[in-house]
Number of protein chains: 2
Amino acid sequence: MNEVSYRDITITDGFWKTRQDIIRNVTIDSVYDRFFDTGRVEAFEMKWKEGDDKQPHIFWDSDIAKWIEGVALFHEITPENEKKIEKIIDDIECGQDENGYFNIFFTVVKPEERFTHRTEHELYCAGHLMEAAVAYFRQTGRDRFLKIMCRYADYIEKVFKIEKSAAFTTPGHEEIELALVKLYSATEEKRYLELAKFFIDERGKRLEHTYGFFVDGMYDQCFKPVREQETAEGHCVRACYLYSGMADIARIYDDEELKNACRMIFDDIVNHKMYITGGIGSTPHGEAFTIKYDLPNMRAYTETCAAISLAYFAHRMQLIEQKKIYADIIEKVIYNGFLSGISLDGKAFFYENPLEIIPELRHKDVSVKNGERFPITERLEVFDCSCCPPNVIRFVAAIGDFAYTYDENTVYVHQFMSGEASFDGRKIIQQTNYPADGKVKITYYGKPCRLAVRVPDFCEDIETEDGYVYFDVEDGMETEIDLTMPVYFVESNPLVYENCGRYAVMRGPVVYCLEEKDNGKVLRDVVLDSSSEIEETQSDLTDVPVVKMKAYRRKAQNKLYYKKTDDMDEFTATLIPYYAFANRGENEMLVWMQVK
Amino acid sequence: MNEVSYRDITITDGFWKTRQDIIRNVTIDSVYDRFFDTGRVEAFEMKWKEGDDKQPHIFWDSDIAKWIEGVALFHEITPENEKKIEKIIDDIECGQDENGYFNIFFTVVKPEERFTHRTEHELYCAGHLMEAAVAYFRQTGRDRFLKIMCRYADYIEKVFKIEKSAAFTTPGHEEIELALVKLYSATEEKRYLELAKFFIDERGKRLEHTYGFFVDGMYDQCFKPVREQETAEGHCVRACYLYSGMADIARIYDDEELKNACRMIFDDIVNHKMYITGGIGSTPHGEAFTIKYDLPNMRAYTETCAAISLAYFAHRMQLIEQKKIYADIIEKVIYNGFLSGISLDGKAFFYENPLEIIPELRHKDVSVKNGERFPITERLEVFDCSCCPPNVIRFVAAIGDFAYTYDENTVYVHQFMSGEASFDGRKIIQQTNYPADGKVKITYYGKPCRLAVRVPDFCEDIETEDGYVYFDVEDGMETEIDLTMPVYFVESNPLVYENCGRYAVMRGPVVYCLEEKDNGKVLRDVVLDSSSEIEETQSDLTDVPVVKMKAYRRKAQNKLYYKKTDDMDEFTATLIPYYAFANRGENEMLVWMQVK
């Protein structure tokens, strides 16, 4: 299966154009400014000394790297951005060791401890800098940054693969594997690909240092060799970055054993460990997967970066084999658990994306004082662990990556977004307001082929083959499909104990939620009337409709316990897209609702 | 209002006779043996030295003290028990300082640090030893132990009240307040009462050391002077022991301000912070109250001792003023959240008494490894913090305390238990199988008076005055009342977010639950059919009936998420009394259920 890169696609209008414009016009500068304020930019000058404030953090390198990558992917190398980036590259060049090493924390804070702290993001930072260098090279054609990172990659190869002189064998925070694959694809230097494969092959062959509270390497997926792993375990961003690298290597080397491990792990995630929003990570303790069907809503971890990493994994699986599930999962992520991570105005972010918020509980003394970690309830412009904001920038920049794949006879349309794609001597113009409505018009130019258009599961009235409708197309042919966009109720497996007796409301691919702003407090007590008429109306909030329907709630009571009554008040419930929650101040929010 | 002491009551048969017999015949010896095995008994010899195993713990004194108190309250001073107790008293006598001080930990482990660690149970241990000495004196007439504890109380008065030479002013774990009131009532030495009042008056006048994770003295109720406190806060056993002492002092000194504080705090507990079982404490972090209506079921703290302490508080309020709520709450506690703390065979105990158990979640790696504290899922014979087992012994021994009060014209029958009560020149013989059935026969001997019999709220068909029915009785008169014992569904206030859409099943005063043993797994998915016929049947498990009714559950599914279906399997659900849960091995349990 061949990839159609975001580089070959221009998003021209519709849902994703709106998001890209906001990020181009607002988020890129806003995130840079926050990074500047917090010392992340200056840190590259390597002037920090013991006693100074703004001590560089172990993953600040990667924050800036993702910002550079995002700017490059967006083709937003304005003179101003160019100046910022070139200054950072100057600093990197200047701060790079003779031997090729580059890391801020392990140069200015703990220079004696390089490659001894397995869990402290050293190779993760290296990986993100490589991705940034590749993106900047591709956008500008200038290879200074790329060459710096090649020197660093060469040094890493020497230390880890040739001399084996580091205190550990494989990264404690995976990411460099998929980055090395990108570095290989930009440079065509096979050693980088082989180094990625080396890290994947070595992983789990021996017990290595990991965080204390997980046994036997579960936290960072080194509990056994990756080819023997069958379940998604541990820190879920680490996990899905690794799985993405595994899928890359499996595809490139046509490694069936590795493909099978990827398939099993992917199935475990999407059948047992994924929120309906595409969010992953059921506990903030270790930001990790837990056991099957354990999907608590209020204390969900579901980091924005985790959703991103799942989309990356799914996308790479899609390049291995054509199966509708991969595109389905990507769609779930991009319209829900990923998109909720950024505010509608593009300025503020969530780290965790919970499926329920009750501010009082978040603020109750005992939980906060005791360090029980609830997700924050309002998006913030920056947080200590600000991996997500620049990750959002680069992810939306490259959203086109998910739209198409093709093989000899068939071009697959997986995601719906207005734009022009040019690849393999063909051109596809897609026009759609999806998911505001379901009409999709595709104009095809090029040699005759089969066009396979994914039909989401909610379009039950359209007959498909393996979830796609096929059209034989030739040059200049227009194809139209009307994907029905129903509002429908979803239940989760009975084994998901959190959601027993509760249902989610979806409209097309978009998960909806109740917010206190529209519906008052105590949302858990709201009972939607599924037999009532469902009204869809445009709102000022966002570009897909809000949904209204009849609902009931119990009357206020003085007593704590009393005999069951059936005395309820009727009202009209207003549901908004989940991705738009928490954009009107702190308030209650709920995804899984009672329905009668 | 006058008290009728357990000492004036003999339980002759029925529900409480069964419990008392089990504790007499099994629990007393079983708890002693576990305490012996763990070194708690030997610790009194004060021979422990650095490097020895079984280092005495800061509250081992109180564990043994409660066991002695329980044996004495039970009139179980058999020759064997007498030998055990006298040996311990020998050790206490021998280990007591010249100045009167006695504490194992602060003699053998940290002798230089007496009265410097406010939060470490030193005065709490003193209080329990005083209670034990009073009970032993009352049962045997021998005053050696009592005099030892009076010497200690004198020393405490000197250090804290006269010289003010301790590093803190008021106990970090309250208990000594109510114990000093008992010491006063046994010795008629008013200084002890005044010392209790001193500790209560001084509390919260200044900020004192407390655990770090609570602000401003919330943890141990010293955030403001007790007369200004309006809400139940902090560690709930500490809290209710304090409130019990406050109620004692309020009554004895006829202190209206203090009575009002007690009333407000009591209202706050029973209207906002109490589980339907009478359990209290919504978080294991600090074993504490949290915010109004925050009553999580699976992670409930609800320690057995906390239920006991609430009953003590309610009982003391009942002595201040006649209000039905106090007896209602006591009934809730004794048949539910207290009684669940001991296994049906009398050998094993719960510390926490959760309202839901899912063993898989308890055992999932990430929660245990990260120290998220879930309640244990099976009763144990002993645990590190074994305050509850001996507390259960002394509580059941004195269960008669709760049955009656009287004033000039009226004898109040608050609780239903077969037995003979002799007080104030009267005799009452109560015959009942309550709560197996609701028939209560009361034979009265003595001067003519009004007999006021409490009618529980579930007996809706009986007309009452303030919740009691009144009978004019004279010598030898028999009175019968038939308290209907319906099975009924209860809901909690809509603000209790955990229970929205869920209901509890009760039969009379007894809360019922579903267990996996009877109903299979995934109890949260069970939907009871409230319109179906309800069957009550005797079972081998315990002495009140099990309840059966029609129910539904969803069919097993492979998918994680799917469009709402209404496809359910019908089955007969079996509900057992909550107090009998977890007596057939580890399994799922649920109190708040779906009902249609």
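Select helix α8 of chain B, residues 190-202, where helices are DSSP runs of H or I with at least four residues, and strands runs of E with at least two, numbered from the N terminus. Its 13 residues should span 18 Å at 1.5 Å a residue, and because the end C-alpha atoms are 18 Å apart, the two values agree; the expected span is 1.5 Å times one less than the number of residues. This is a predicted model in which local features need pLDDT of at least 70, side-chain atom pairs count only at pLDDT 80 or more, and totals for chains, interfaces and linings use all residues. Residues are numbered from 1 along each chain as its sequence is written, chains are lettered from A and ligands numbered from 1 in the order written, and side-chain values use heavy atoms, without hydrogens and water.

Next, colour the buried residues of α8(B), among them B:Y192, B:L193 and B:F198; buried means under 20% relative accessible area, exposed over 50% and partly exposed in between, with a 1.4 Å probe and protein chains only. The elements that cover them include α5 (122-140) and α9 (236-252) of chain B. After the helix comes B:G204, with a positive phi near 80 degrees.

Now select A:C240, which is buried at 0% relative accessibility. Its sulfur is too far for a bond, because the closest cysteine sulfur, in A:C236, is 6.8 Å away, whereas a disulfide is a pair of cysteine sulfur atoms within 2.5 Å. Over all chains, the count is zero disulfides.

Methods: Contact means heavy atoms within 4.5 Å.
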